[in-house]
Amino acid sequence: MSEAPYPADLYALLHRGTPGDLAFYSRQCAGASAVLELGCGYGRVLEALARAGSRVLGLERDGDLLALAAARRRRLEAPAAQRIALVRGDMRHFELTRRFDRILIPHSGLYCLLSEVDCTRCLECVAAHLTDDGLLILDAYAADSFHQLAEATTPLRTTPDPHWEDEEFEPLVSVEQNGRVYDVTEASRWTPAQQRLDVVYRYRSRDGGAPSDGHIPQRYLLASQLPGQFEAAGLQLLSLHGDFRGNPFREDSEQLVAVARLAPRSWSGR
Ligand SMILES: C[S@@+](CC[C@H](N)C(=O)[O-])C[C@H]1O[C@@H](n2cnc3c(N)ncnc32)[C@H](O)[C@@H]1O
């Protein structure tokens with residue numbers, strides 16, 4: 001698959017979250033004393049939370065996205081800006097000096113972890129950094145509805161092909177940055193046996209020049225896998241909804257919104 005990093009400024013132009021997510025996370029964090037966002041990207045959730053009065057720490061692996069988050073913080077008025085801290089790190093293994101009463105993984109961030117082991121490592125780090133009554137809150141696109149259409153025998157792609165043909169791409173949207181317009185097309189490859197989705201966004205400037213690609217490899221989870229995945233890391237699923245309005249999760253839900261806490265047995269010995 002395309003290995004060049006996704007240019008952060010192009011990423012930020014296109015990936016703007018899911019309608020209702022900022023209000024949802026702001027409600028969930030109201031009154032919390034310390035919030036940690038894993039995979040904070042260019043800081044759109046951090047900004048909304050800080051504006052609503054929360055103290056937030058954003059952890060992000062990509063230095064260019066983190067720099068965009070820092071620039072965004074500089075543009076905020078002082079009281080909100082001072083409530084935001086940023087750290088470069090990996091959500092699969094981090095060690096911070098405090099615990100948090102809310103840990104968030106918004107906008108399918110957990111799907112960036114491409115193996116069950118990585119997912120468990122991340123959730124174990126979450127468990128180690130949650131206060132006893134703290135909550136992990138995450139959202140992602142729901143994959144159950146399309147995954148069940150897959151043939152169980154679909155072959156695993158063992159040698160990923162790094163080349164994406166132009167014919168694979170479908171028009172998606174046009175975006176504009178500093179007067180330059182990009183036509184964005186999208187291609188995806190799905191490997192159901194691995195619950196793997198590779199999506200490439202191709203940005204073609206109307207001014208000409210070579211296109212830029214942004215690759216987002218993902219390993220999605222099914223709703224039925226969440227309780228076990230949490231349990232393996234010492235967490236317990238508290239609720240699962242199908243949207244940000246609190247409707248129950250159903251097989252045809254487009255969104256998956258989960259809240260978890262430390263499993264009671266994890267409280268002892270901390
Ligand atoms: C889908 S984006 C969500 C960004 C942000 N939370 C939002 O809602 O706009 C996932 C983010 O996680 C970051 N990420 C992926 N793997 C990571 C890892 N192992 N550790 C830390 N950040 C990671 C990506 O760089 C990206 O910014």
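Modeller: Strands of a sheet pair through backbone hydrogen bonds, either parallel or antiparallel. Here β1 and β2 run parallel and are joined by 4 bridges, where two strands pair if DSSP finds at least two bridges between them, and where helices (H or I, at least four residues) and strands (E, at least two) are DSSP runs numbered from the N terminus. Within this pair, Leu-36 has Leu-57 in β2 as its bridge partner. Please keep in mind that this is a predicted model, in which local features need pLDDT of at least 70 and side-chain atom pairs count only at pLDDT 80 or more, while totals for chains, interfaces and linings use all residues. Residues are numbered from 1 along each chain as its sequence is written.

Biologist: In what order do the strands of the open sheet with 7 strands lie?

Modeller: The order is β3-β2-β1-β4-β5-β11-β10, and the pairing is mixed. Because β3 (84-88) and β10 stand at the edges with a single partner strand each, one side of each is left without a neighbour in the sheet. On average, neighbouring strands of this sheet are turned by 20° against each other, direction ignored; axes are lines fitted to C-alpha atoms, for helices over the stretch in contact, and angles run from 0 to 180 degrees between N-to-C directions.

Biologist: Which strands does helix α4 (residues 63-74) touch where it packs on the sheet?

Modeller: Helix α4 touches β2 and β3, and its direction makes about 165° with that of β3; two residues are in contact if their C-beta atoms, placed from the backbone, lie within 7 Å. Helix α6 (residues 116-129) also packs on the sheet, touching β1, β4, β5, β10 and β11, with its direction at about 145° to that of β5.

Biologist: How many residues of strand β11 (residues 255-262) are buried?

Modeller: In β11, 6 of the 8 residues are buried, a residue being buried if 20 or more other C-beta atoms lie within 10 Å of its own, exposed if 12 or fewer, and partly exposed in between, with C-beta atoms placed from the backbone. Strand β5 (residues 130-141) pairs with β11 in the antiparallel sense over 6 bridges, and Leu-138 stands opposite Ala-258 in β11. Strand β10 (residues 235-241) also runs antiparallel to β11, joined by 6 bridges, with Leu-237 opposite Ala-260 in β11.

Biologist: Which residues of helix α2 (residues 21-29) are buried?

Modeller: An α-helix has 3.6 residues a turn, so residues three or four places apart point the same way. In α2 the buried residues are Phe-24, Tyr-25 and Cys-29. They lie on the same side of α2 because they cover an arc of only 120° around the axis, the arc being that of the directions from the helix axis to the C-beta atoms. These buried residues pack against β1 (35-38), α3 and β4 (100-105), and just after α2, Gly-31 takes a positive phi of about 85°. As for α3, 7 of its 8 residues are buried, and α3 is followed by Gly-53, whose phi is positive, near 110°.

Biologist: Which residues come nearest to the ligand?

Modeller: Of the 19 residues around the ligand, Gly-39, Gly-41, Arg-61, His-107 and Cys-112 come nearest, where a residue is near a molecule or strand if its C-beta atom, placed from the backbone, lies within 6 Å of it. Both α3 (44-51) and β2 (56-60) supply at least two residues of this shell.
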